[in-house]
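These are my notebook entries on a structure that I looked through, one topic at a time.

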Amino acid sequence: MQNPPAVNSYLVQSEPVRERFERLKQRNVILEVRGLGKTFAAQQGEVVALKGIDFKTYRRELVCIIGPSGCGKSTLIRILAGLETQTEGEVLLDGQRVTGPGRDRGMVFQGYTLFPWLTVKKNVMFGRRMNGAGRWEAERDALQWLDLVGLTKFADAYPYQLSGGMNQRVAIARALANQPRILLMDEPFGALDAQTRAKMQAYLLEIWKNVDITIVFITHDLDEAIFLADRILVLKAHPGEVRELIEVPVPRPRSLSQSTTPEFRATRARLDELIHPPSEVTEEDIALPPIVRLTDVNDNVE
Ligand SMILES: Nc1ncnc2c1ncn2[C@@H]1O[C@H](COP(=O)(O)OP(=O)(O)OP(=O)(O)O)[C@@H](O)[C@H]1O
Ligand SMILES: [Mg+2]
């Protein structure tokens with residue numbers, strides 16, 4: 001097993017924020033990832049997607065995972081979900097080794113994954129019914145979850161009748177309806193426009209405040225990670241390893257207006273540095289493709 005990742009100490013935390021992190025770390029550990037590695041056997045040889053990943057999440061914590069494209073974020077979350085098996089290390093949920101998918105983990109992906117032929121309410125009921133709950137009980141609970149995500153009025157609508165943001169709220173309600181211990185979210189707001197995305201982030205924080213749930217949330221968007229997370233796990237690519245674990249010093253409750261505060265800006269600057277280290281900019285990153293001229297050379301409109 002590798003050493004735990006270094007926790008940042010240069011982002012200055014105010015006293016209340018420091019105390020909040022001390023209290024957080026006294027809570028039960030819900031998820032523990034130990035020495036996790038994944039090597040894919042691809043046609044062109046082996047791909048080491050993840051190597052020596054170690055971290056813990058505490059009860060009711062919201063952890064974001066960021067890292068460059070292809071660094072293994074989705075692979076990691078699929079292993080946590082039990083949809084993929086690791087080649088090294090282990091994942092413990094409430095101290096029990098994860099060996100496959102289970103009701104104790106809910107998932108929300110980027111693409112809309114609702115069943116198009118079922119109403120919103122039936123989509124939310126689906127998991128409960130599959131797990132043996134009676135129709136009445138599943139329906140009563142589904143309506144409660146829909147109330148929580150503000151969609152009671154749309155219980156009998158079909159997914160195609162809802163906007164993208166509303167579809168993702170149903171997907172969250174559906175994941176929570178099974179009362180998982182942990183919610184695993186892989187770029188769930190990645191396909192939404194900026195305004196809807198901002199609203200969904202606020203919704204998620206509101207839901208998280210009202211439900212006893214631990215969240216692992218993958219994103220490409222650094223501001224989204226700072227707005228949502230207690231801690232941010234920064235991965236690096238090839239192989240996917242932990243670069244740093246950052247305690248977000250921005251106080252809660254969070255609001256968009258905090259994006260200009262010194263804490264937010266310092267965190268943002270540090271994440272930028274970690275995600276785009278100057279030494280790792282390659283020729284390929286900066287070389288521009290040749291530009292094809294589509295007008296007559298003499299047709300000068302300037
Ligand atoms: N089934 C597979 N077989 C072979 N290689 C795979 C497989 N799945 C993922 N990989 C490789 O593992 C690495 C990590 O992929 P992954 O999709 O987890 O990255 P990611 O961080 O989620 O990327 P993105 O930010 O683009 O979503 C990549 O190099 C990818 O090509
Ligand atoms: Mg991915």
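**Entry 1**

I looked up the strand order and found an open sheet of six strands, in the order 6-7-8-3-9-10 and with mixed pairing. Two strands count as paired if DSSP finds at least two bridges between them. At the edges of this sheet I noted strand 6 (105–108) and strand 10 (241–247), each of which pairs on one side only. From one strand to the next the twist averages 20°, and axes are lines fitted to C-alpha atoms, for helices over the stretch in contact, with angles from 0 to 180 degrees between N-to-C directions.

Before going on I wrote down the conventions. This is a predicted model, in which local features need pLDDT of at least 70 and side-chain atom pairs count only at pLDDT 80 or more, while totals for chains, interfaces and linings use all residues. Residues are numbered from 1 along each chain as its sequence is written, chains are lettered from A and ligands numbered from 1 in the order in which they are written, and side-chain values use heavy atoms, with hydrogens and water left out.

Within the sheet, I checked strand 3 (residues 62–66) and strand 8 (residues 214–218), which run parallel and are joined by four bridges. Leu 62 stands opposite Ile 215 in strand 8. Helix 6 (residues 194–210) packs on this sheet and touches strand 3, strand 7 (182–186) and strand 8, and its direction makes about 160° with that of strand 8; contact means heavy atoms within 4.5 Å.

I then found an open sheet of four strands with the order 2-1-4-5 and antiparallel pairing. Strand 2 and strand 5 (96–97) stand at its edges with a single partner strand each, so one side of each is left without a neighbour in the sheet.

How many residues lie between strand 1 and strand 2 in their hairpin? There are two residues between these strands. Strand 1 (residues 29–42) and strand 2 run antiparallel and are joined by ten bridges; among the bridge partners, Thr 39 goes with Val 48 of strand 2, and Ala 42 goes with Gly 45 of strand 2.

Strand 1 is also joined to strand 4 by five bridges, again in an antiparallel pair, and Val 33 stands opposite Val 91 in strand 4. Strand 4 (residues 88–93) and strand 5 are antiparallel too, with two bridges, and the bridge partner of Leu 92 in strand 5 is Arg 97. Helix 2 lies across strand 1, strand 2 and strand 4, and runs at about 120° to strand 1.

**Entry 1: around ligand 1**

Which residues come nearest to ligand 1? Of the 13 residues around the ligand, these are Ser 69, Gly 70, Lys 73, Ser 74 and Thr 75, where a residue is near if one of its heavy atoms lies within 4 Å. The shell divides into five nonpolar, six polar and two charged residues. Strand 2 (45–58) and helix 2 (73–81) each supply at least two of its residues, and helix 2 gives the largest share, three residues.

I also read off distances to oxygen atoms of ligand 1. A backbone N or O atom of Gly 70 is 2.9 Å from one, a backbone N or O atom of Cys 71 is 3.2 Å from one, and an N or O atom in the side chain of Lys 73 is 2.7 Å from one. Taken alone, ligand 1 exposes 640 Å², and the protein buries 62% of that, with accessible areas from the Shrake-Rupley method and a 1.4 Å probe.

**Entry 2: backbone details in loops**

The peptide bond from His 238 to Pro 239 is cis, with omega near -5°, and Pro 239 sits in the loop between strand 9 (231–236) and strand 10. Another cis peptide bond joins Arg 252 and Pro 253, with omega about 0°, and Pro 253 belongs to the loop between strand 10 and helix 8 (262–275). Gln 179 is not a glycine, yet has a positive phi of about 50°, and I placed Gln 179 in the loop between helix 5 (164–177) and strand 7.

Definitions and conventions. A polar contact is a pair of N or O atoms within 3.5 Å; within protein, one must be able to donate a hydrogen and the other to accept it, and residues adjacent in sequence count only if both atoms are side-chain atoms. Ala, Val, Leu, Ile, Met, Phe, Trp, Tyr, Cys and Pro count as nonpolar, Asp, Glu, Lys and Arg as charged, and the others, Gly among them, as polar.
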